[in-house]
Amino acid sequence: METKKYYDEFETIVGDIITHSEFQKLREIDHHGNGLYEHSVAVGYYSYRVARFLGMDYASIARGATLHDFFLESWQGKVKTGKGLDRIKEMHGFSHPKTALENAEKYFDIDERQADMIVKHMFPLTPVPPANLGSWVVTAVDKFVATHELIFKNTQPIKRLKSMMSKA
């Protein structure tokens with residue numbers, strides 16, 4: 001029953017995000033063999049659990065982590081037109097954190113720490129390191145979840161999360 005308490009609390013914290021019509025569009029985007037929606041919610045949930053365990057501001061971290069990949073178009077097969085450094089800047093790993101931050105600020109009220117979580121979660125691809133411990137949690141958890149997804153393509157990290165997401 002303890003685990004259900006965590007799922008319920010997480011859902012209460014991020015419920016407005018995961019049910020938002022724009023965020024729901026992430027369901028249509030493939031990401032690491034899973035949907036981007038599933039990936040984002042998994043990173044949010046695990047970041048929440050780590051932050052809670054460490055006695056951090058887990059609600060803020062859960063929200064920032066859930067929004068970390070809030071970009072609304074598929075990047076696979078996108079044509080890059082730049083040359084040299086401009087071409088590198090166009091690459092998804094370098095460009096999507098800024099797009100995710102713009103979308104998060106457009107649709108949700110986020111604070112400076114959450115903005116840092118979103119825009120720096122791709123460190124070390126983004127050259128400036130995270131500025132707070134919550135951002136480091138999101139960065140590490142994102143790497144963990146992405147690795148899990150790549151190894152176990154088309155599997156969900158938690159059955160309960162999958163069930164919860166399908167109801168949203």
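1. Which residues in H3 meet which residues in H8? On the H3 side they are His39, Ala42, Val43, Tyr46, Ser47 and Val50, and on the H8 side Val137, Val138, Val141, Asp142, Val145, Ala146 and Glu149. Contact here means heavy atoms within 4.5 Å, and helices are DSSP runs (H or I, at least four residues) numbered from the N terminus.

2. Before going on: this is a predicted model, where local features need pLDDT of at least 70 and side-chain atom pairs count only at pLDDT 80 or more, while totals for chains, interfaces and linings use all residues. Residues are numbered from 1 along each chain, and side-chain values use heavy atoms, with hydrogens and water left out.

3. Back to that helix pair. The axes of H3 and H8 (residues 133-151) come within 9 Å and cross at roughly 130 degrees. H3 and H8 are therefore oblique to each other. Their contact residues split into 9 nonpolar, 2 polar and 2 charged.

4. Now the largest nonpolar core, which has 25 residues; Phe10, Phe23, Leu26, Tyr48, Leu67 and Phe70 are those with the most contacts inside it. A nonpolar core is a set of buried Ala, Val, Leu, Ile, Met, Phe, Trp, Tyr and Cys residues joined through side-chain atoms within 4.5 Å, with buried meaning under 20% relative accessible area (1.4 Å probe, protein chains only). Helices H1 (2-18), H3 (36-53), H6 (92-107) and H7 (112-119) each give two or more residues to this core, and H1 gives the most, with 7.

5. Tyr48 touches Tyr6, Glu9, Phe10, Ile13, Tyr58 and Ala62, leaving out residues up to four places away in sequence.

Definitions and conventions:
Buried < 20%, exposed > 50% of the residue type's maximum accessible area, 1.4 Å probe, protein only. Axes fitted to C-alpha atoms, helices over the stretch in contact; angles between N-to-C directions. Parallel < 35°, antiparallel > 145°, perpendicular 65-115°, else oblique. Nonpolar A, V, L, I, M, F, W, Y, C, P; charged D, E, K, R; others polar.
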